[in-house]
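Reader: Please show me the sequence and the structure. Then let us go through the packing.

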Amino acid sequence: PKDQISVSLFESIYNLYNIANVVIRDDTGLAKEVGGLIPGRNIILEVGIPAEKSVNKSEYTITQQNITYQIGAKGDIKLTLINRFFEDQSLHTKAHRGPVSEIAKTIFEKYKYLKPGFYAPTQNIPTVWYQSKMTDAKFINTVLLPNAYSPNSEITPYYSFLTSNGEYTFC
């Protein structure tokens, strides 16, 4: 029931990963007994107003669980979630060529659960971008973003972030 769950979503242009906090009032203790809401588990979170076709849907990984017992098995389950992209990171060594925004777009197309968001074009700096034993997230944040320049302004910073609707943006 909707009166037994609370969801807070956090997303920022300054942080690649979006985060959600979920509090579930478990009056029967059933959710605690089943034990399915454990750290490391992937879940799909849908939040919004279905009647207005305004629903955000994104995949998350449970990073933290806190159970508060009130009376017997009754209590609250507090979950901290981070976008599933965080869990799917692994080290890669690869050389990339082309505009920085196109490289970022190519990287994120590998993750089929993410939807393409807005990609602002960047100047094509004729060089090879090396991803040497780095995760995709680290490569984007430490190599691509600092070298992303707008064709119209070289002082305008670029940002990359994931949204609560499962979209990736590079602008």
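Author: Leu144 touches Val100, Ile103, Ala104, Ile107, Trp129 and Phe139, leaving out residues up to four places away in sequence; contact means heavy atoms within 4.5 Å. This is a predicted model, where local features need pLDDT of at least 70, side-chain atom pairs count only at pLDDT 80 or more, and totals for chains, interfaces and linings use all residues. Residues are numbered from 1 along each chain as its sequence is written, and side-chain values use heavy atoms, with hydrogens and water left out.

Reader: In the largest nonpolar core, which residues touch the most other members?

Author: A nonpolar core is a set of buried Ala, Val, Leu, Ile, Met, Phe, Trp, Tyr and Cys residues joined through side-chain atoms within 4.5 Å. Buried means under 20% relative accessible area, exposed over 50%, partly exposed in between (1.4 Å probe, protein chains only). The largest such core has 27 residues, and those touching the most other members are Phe85, Phe108, Leu144, Tyr168 and Phe170.

Reader: Which helices and strands each supply at least two residues of this core?

Author: Helices (H or I, at least four residues) and strands (E, at least two) are DSSP runs, numbered from the N terminus. The suppliers are strand S2 (15-26), helix H2 (100-109), strand S8 (128-134), helix H3 (136-144) and strand S10 (167-170).

Reader: Are H2 and H3 roughly parallel or roughly antiparallel?

Author: Axes are lines fitted to C-alpha atoms, for helices over the stretch in contact, and angles run from 0 to 180 degrees between N-to-C directions. H2 and H3 pack at about 170 degrees, with axes 11 Å apart. Angles under 35 degrees count as roughly parallel, over 145 as roughly antiparallel, 65 to 115 as roughly perpendicular and the rest as oblique. H2 and H3 are therefore roughly antiparallel.

Reader: Is Ser58 buried or exposed?

Author: Ser58 sits in strand S4 (residues 54-71). Beyond its neighbours within four places in sequence, its contacts include Asn18, Ile43, Leu45 and Thr163. Its relative accessibility is 4%, so Ser58 counts as buried.

Reader: Is Lys133 buried or exposed?

Author: Lys133 lies in strand S8. Its phi is near 50 degrees, a positive value in a residue other than glycine. With 66% relative accessibility, Lys133 counts as exposed.

Reader: Against which elements do the buried residues of H3 pack?

Author: Those buried residues are Asp136, Ala137, Phe139, Ile140, Val143 and Leu144. They pack against S2, strand S6 (92-97), H2, S8, strand S9 (160-162) and S10.
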